[in-house]
Amino acid sequence: MPDIIHLLPDSIANQIAAGEVIQRPASVVKELVENAIDAKASHIQIVIKDAGRTIIQVIDNGKGMSGTDARMAFERHATSKIQKANDLFALTTMGFRGEALPSISAIAQVEIKTRTSDSEIGTLINIAASKVESQEPTSTPQGTCITVKNLFFNVPARRKFLKSNETERRNILVEVERIALAHPDIEFTLIDDTVTLMQLPATGIRQRISQLIGKNSDQQLLEIDIDTTLVKIFGYIAKPEYARKRRASQFFFVNGRYMRHPYFHKAISVAFENLIQPTENPNYFIYIQVEPDTIDVNIHPTKTEIKFENEQAIWQILMVSIKESLGKFNAVPSIDFDTIDSIPIPVFDKEKQTYSPKVKIDPNYNPFKRSSYAPPLRMNWEQAYKDFEQDVDVEADEEETGQTSTFIFSNEQHHLPDMSSDTFPDYYQYKQKYIFTSVKSGLMIIDQRRAHVRILFDKYLEQIAQKKGISQRVLFPEIIELTASEAAILPSINEDMESLGFELSNLGSNTFAIQGVPSEIENPDGVKLIKSMLENIIDTGLDVKSEIQEKLALSFARSVAINYGKPLSVEEITDIVNKLFACPTPNYTPDGKKIISVIDDEDMDKRLR
């Protein structure tokens with residue numbers, strides 16, 4: 001039998017290895033920028049075209065390389081950062097494996113220009129599919145300029161699976177944001193097709209957060225700073241009132257490297273317990289410094305998963321430091337023992353005679369005069385209705401108390417059933433959350449908010465498709481500041497937002513003026529609505545136009561739909577029910593949640609046996 005095991009050619013092996021390190025254009029940006037940081041650059045410029053498909057260029061003013069080093073850098077496992085195996089456990093640099101440049105050159109056309117400070121002439125090298133095509137001297141500034149062209153040009157299957165330009169651009173922005181937060185002392189510039197998406201001057205951590213998240217974020221931040229022999233933890237957390245249900249800004253950095261760490265995230269969640277809702281997430285920017293030999297960053301190709309030697313101890317220190325910060329800035333409610341302006345409590349005197357409190361009873365009190373009247377389980381409806389009608393002005397009483405009945409009936413007067421017939425009322429609202437109605441098979445229950453979401457979703461989706469949205473111009477335009485990733489997604493949905501009735505004008509620097517809002521919304525919070533819609537689309541990372549439109553319509557419907565706890569008039573209930581059953585799919589919300597449930601007569605009979 002002939003031998004069947006053989007060594008793979010270098011070109012194929014390099015492409016396989018590249019698949020672990022380079023997954024998309026954002027991976028290239030991350031690796032090249034980290035190399036620039038290791039080269040001690042103080043300014044890094046990133047230029048992309050077609051969201052990195054056509055061109056990714058990273059220019060830095062770092063130390064640069066000699067001609068020999070520049071050539072060796074593209075050999076697999078060639079590195080200046082490791083001399084022996086033990087160096088893996090004392091890393092102080094971002095890159096160390098010698099995989100990034102060989103992986104990139106295996107699946108793209110690469111040009112590198114570099115020069116050191118002690119050399120007058122630099123080096124120009126061109127490589128394609130791991131093959132060096134040319135190397136020659138060139139005139140270039142100190143530092144390194146690497147241009148990556150036609151990513152995955154020789155691996156069409158990989159190129160085919162790249163997402164839309166909006167998604168790939170957003171992923172690049174995310175990577176640059178993480179690196180920029182980890183290194184605020186470095187100036188970053190990101191240019192996309194001649195448009196500057198980011199211009200971040202060197203600054204401090206707090207100012208860098210404001211640059212990326214928004215100017216208003218500064219007032220949200222509480223400082224953390226604790227230094228022990230085991231670990232140094234510093235950074236910022238946001239006040240509990242700024243917690244978000246989705247897409248919170250949550251960043252961990254260790255020794256200048258971004259990381260994901262669910263275990264440490266749990267420590268923050270514990271510290272915020274009872275201060276935010278279980279469905280909300282706190283914002284945080286936590287920087288951890290430990291001895292390099294106490295962590296292992298070599299457990300994942302992207303180096304975002306890091307193993308700590310003293311994980312449990314750091315967990316406790318992190319949790320306590322956050323609680324201390326929350327308490328120091330009065331975020332945690334505390335007991336105030338100050339007696340100034342407090343009610344004086346007299347000292348008990350056993351010689352003084354005490355008296356029992358007297359209870360006053362109003363014999364003329366009539367409980368049926370209260371608008372919040374809710375009927376007991378059993379009662380004489382006819383007698384109650386007659387008593388209720390005597391000397392009662394329901395409308396005036398409601399205006400005075402601001403309350404309405406728990407039950408609202410469709411064919412009633414004064415919120416009580418019409419006793420002219422023995423039939424059950426058409427509809428009524430239960431606990432200002434559900435609509436009950438009698439149907440042939442039993443009792444139907446309708447979730448009022450979900451029903452309204454279903455109705456609005458179908459309406460807004462049709463508006464987007466037919467571009468029928470009506471905008472109402474605002475007298476004083478609101479200013480909305482977006483993050484770079486939010487601003488990047490806006491052009492792809494701007495036309496659809498205009499179809500809904502939104503009008504935005506670009507003021508530059510990721511800032512927009514809201515000139516118009518949908519005419520059907522009363523007292524809209526334009527900033528909140530737009531932010532919510534952008535966050536929903538970014539979270540899902542959708543690419544197909546129809547899917548983005550559906551997500552946009554659903555997000556807008558959720559923002560506008562009636563909330564639980566809202567009393568509905570007879571006309572509003574009837575309108576919701578009629579419109580719901582006019583929908584093509586009235587039983588479920590667009591995201592699959594149940595709207596209608598029926599308790600049949602047989603089940604009710606069983607319950608009452």
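Visitor: Leaving aside its neighbours within four places in sequence, which residues is Asp193 in contact with?

Guide: Asp193 is in contact with Ile48, Lys49 and Asp50, once its neighbours within four places in sequence are left aside, where contact means heavy atoms within 4.5 Å. This is a predicted model, in which local features need pLDDT of at least 70 and side-chain atom pairs count only at pLDDT 80 or more, while totals for chains, interfaces and linings use all residues. Residues are numbered from 1 along each chain as its sequence is written, and side-chain values use heavy atoms, with hydrogens and water left out.

Visitor: How many residues apart in sequence are Asp193 and Asp50?

Guide: They are 143 residues apart in sequence, and their C-alpha atoms are 7.2 Å apart in space. Asp193 itself lies in the loop between strand E7 (187-192) and strand E8 (195-200); helices (H or I, at least four residues) and strands (E, at least two) are DSSP runs, numbered from the N terminus.

Visitor: And is Asp193 buried or exposed, or partly exposed?

Guide: Asp193 counts as partly exposed because its relative accessibility is 32%, given that buried means under 20% relative accessible area, exposed over 50% and partly exposed in between, with a 1.4 Å probe and protein chains only.

Visitor: What about Ser321, where does that lie?

Guide: Ser321 lies in helix H9 (residues 311-328), and it is buried, with a relative accessible area of 3%. Leaving aside its neighbours within four places in sequence, Ser321 is in contact with Ile224 and Ile226.

Visitor: Switching to the whole chain, how many helices and strands does it have?

Guide: The protein chain has 17 helices and 22 strands, and of its 609 residues 44% count as buried. Among contacts between residues at least 6 apart in sequence, 68% join residues at least 24 apart.

Visitor: Over how many bridges do E20 and E21 pair?

Guide: E20 and strand E21 (residues 511-518) pair in the antiparallel sense over 5 bridges, and Asn506 stands opposite Phe512 in E21.

Visitor: Now the rings. How many aromatic pairs are there?

Guide: The count comes to 14 aromatic pairs, where rings of Phe, Tyr and Trp (its six-membered ring) pair if their centres lie within 6.5 Å, and planes under 30 degrees apart count as stacked, over 60 as edge-to-face and the rest as tilted. One of them is the stacked pair of Phe251 and Phe253, at 6.1 Å centre to centre and 0 degrees between the planes, and both of these residues are buried. Tyr263 and Phe264 form a tilted pair, at 6.2 Å centre to centre and 35 degrees between the planes; Tyr263 is partly exposed, with a relative accessible area of 32%, whereas Phe264 counts as buried at 0% relative accessibility.

Visitor: Which residues do ring pairs link into a cluster?

Guide: Ring pairs link Phe234, Phe251, Phe253, Tyr258, Phe285 and Tyr287 into a cluster.

Notes. Two strands pair if DSSP finds at least two bridges between them.
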